[in-house]
Amino acid sequence: MRDYEFYYTQDGSVGLYSYADDDVYHSKFGALTEAWEKFIIPAHIERKLNQQPEIRVLDVCYGIGYNTKALISFIINADEKILKQNNILKNTKIVLKNFLKKVLSKLNIVSIDINNIKWSRRILLEPIETVNENNLSTVHIDCLDINEELVKISPFLKTIVTLQEIFTRIVPQIFDCFDTYWKIKKILAKLSLKIAPQNKKEIRELLELKFSNDYDEVAKEYKLHKFVNYILAESLLEHYKEDFITKEFKENIKDKSKKKFFDKSILKYAQFKQNFRYNLLTRFNLFAFLHNIYYDHLSKRDKNVKFKNIQELFKLNFHVRDARKTILEINGEYDYIFLDAFTYSKAPELWSIEFMAELYKHLAQDGIIMTYSNSALVRNTFLENNFYVGKILDEKTGKFIGTVAAKEKSLIEHPLTNYEIGLCATKAGIPYHDPNLNLDKKEILKRRENEFKISELMSSSMYMKTRKMRRDEDE
């Protein structure tokens with residue numbers, strides 16, 4: 001992990017800066033917030049969850065796993081809510097049934113026949129187990145990434161509460177009226193910046209890690225469920241077996257500058273499971289580790305919704321190689337595709353016409369693809385592949401924060417405007433080409449550059465200027 005720097009984003013989740021790509025994996029506003037608002041919320045997973053036996057998801061550029069984590073967390077919370085409601089209904093029916101039995105017994109009614117009250121007969125005869133808990137959807141997630149190191153560390157990164165959030169919770173809201181409140185918060189914000197790399201000026205400039213008065217603490221529903229990282233750790237262990245937590249891996253995360261970003265309890269849990277499964281620990285060590293790690297960290301609520309039962313709802317596959325090769329080999333269609341690659345100038349191979357064509361083949365007829373990008377190039381690449389294309393709306397700010405594509409027009413809630421479609425037809429919308437899905441980054445960039453130079457299409461700046469002139473004339 002020498003080529004990466006970790007930092008805490010404003011919602012307390014860990015972000016990552018890559019020296020090799022000279023880019024950040026997540027915005028300063030928060031890795032978790034970004035995952036929820038650009039992928040989970042616009043996916044409307046609740047429309048399919050528990051309505052069909054299996055939900056299939058393709059996470060392109062898994063990275064350190066926030067999109068998959070947010071998805072798993074959303075589904076667990078939704079399932080727990082259903083199970084809790086079912087449990088309340090079941091207990092209510094048991095109490096009511098016992099009460100009616102006592103009443104009927106006192107009235108010397110020992111059998112149920114046509115002379116009894118209809119509603120009492122119905123309650124007594126109806127089975128208590130009216131809801132089949134096995135009807136919960138199983139979720140199959142294929143995670144694609146080329147970086148094995150990042151995939152392996154994904155379950156172990158902390159999600160913390162920032163100093164700003166702690167202060168906001170402690171200080172009474174009445175102090176919002178006074179300038180002193182904001183002054184103190186800014187002081188704390190500066191202190192919190194110490195957890196960001198101090199000797200990496202380019203990172204700080206890129207992230208613009210500055211605290212502002214419009215800071216909002218991460219929404220409660222965005223926070224990760226306690227089972228999520230354990231499920232990831234178990235899935236990665238199943239994938240890598242004894243090669244999951246290697247000696248080299250442990251040495252890397254012991255680095256002082258990175259150590260504070262890792263959750264030791266989950267790491268110990270994964271180490272124990274790996275050692276026990278493949279190195280046959282003694283019975284004494286087994287019970288000691290289970291007590292101190294497993295039960296302590298999964299809490300009392302595990303009694304109501306068993307970790308094992310929840311874990312069985314998820315099937316995660318990790319494909320750690322060039323995503324272009326994987327997309328040619330995997331089978332089946334996906335309900336949701338998360339396209340979260342680096343920007344098209346950094347990773348053009350994952351935004352090409354040909355790669356997008358493969359995504360089209362693997363998308364279910366009623367499935368959708370989501371990405372954070374608003375660029376004319378990306379949107380035109382979707383259009384060239386016969387997708388219906390729209391925008392992702394952030395309802396909190398009223399701004400459009402990404403792009404969504406589908407095979408069915410009805411799935412597009414916010415279609416592109418005529419202006420945006422026109423922008424896609426300018427030079428800015430010229431797509432990348434990678435005919436056999438095997439060209440290197442430089443070659444793909446060079447091909448588009450040459451096409452851009454000889455193109456007779458209108459430039460985006462001229463297009464915008466022309467449109468503005470037309471609007472002015474109409475006024």
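# Briefing on selected sites of a predicted model

Helix α8 is largely enclosed by the rest of the structure, because eleven of its 13 residues are buried. The structure described here is a predicted model.

**Helix α8**

- Helix α8 comprises residues 228–240.
- The buried residues of α8 are V228, N229, Y230, I231, L232, A233, E234, S235, L236, L237 and Y240.
- Just after α8 comes K241, which adopts a positive phi of about 60°.

**Residue R56**

- R56 belongs to strand β4, which covers residues 54–60.
- Is R56 buried or exposed? R56 counts as buried because its relative accessibility is 14%, and the cut-off for a buried residue is under 20% relative accessible area.
- The C-alpha atom of R56 is separated by 6.0 Å from that of V139, although the two residues are 83 residues apart along the chain.
- When residues up to four places away in sequence are not counted, R56 touches H140, D142, N331, G332, E333, Y334, D335 and Y336.
- With E333, there is also a polar pairing: a polar atom of the R56 side chain lies 3.2 Å from the backbone oxygen of E333.

**Residue S455**

- S455 sits in the loop that lies between α18 (441–454) and α19 (460–474).
- Its relative accessible area is 16%, so S455 is buried.
- Which residues is S455 in contact with, leaving aside its neighbours within four places in sequence? They are K427 and I430.
- The side chain of S455 also reaches the backbone nitrogen of L457, at 3.1 Å.

**Cysteines**

- C61 has a relative accessible area of 19% and is therefore buried, since the cut-off is under 20%.
- C143 counts as buried because its relative accessibility is 2%.
- How many disulfides does the model contain? The count comes to zero disulfides, where a disulfide would require a pair of cysteine sulfur atoms within 2.5 Å.

Note on methods: Residues numbered from 1 in each chain as written. Predicted model: local features only at pLDDT ≥ 70, side-chain atom pairs only at ≥ 80, totals over all residues. Heavy atoms only, no water. Helix = DSSP H or I, 4+ residues; strand = E, 2+ residues; numbered from the N terminus. Buried < 20%, exposed > 50% of the residue type's maximum accessible area, 1.4 Å probe, protein only. Contact = heavy atoms within 4.5 Å. Polar contact = N/O pair within 3.5 Å; in protein donor to acceptor, adjacent residues only side chain to side chain. Expected span 1.5 Å × (residues − 1).
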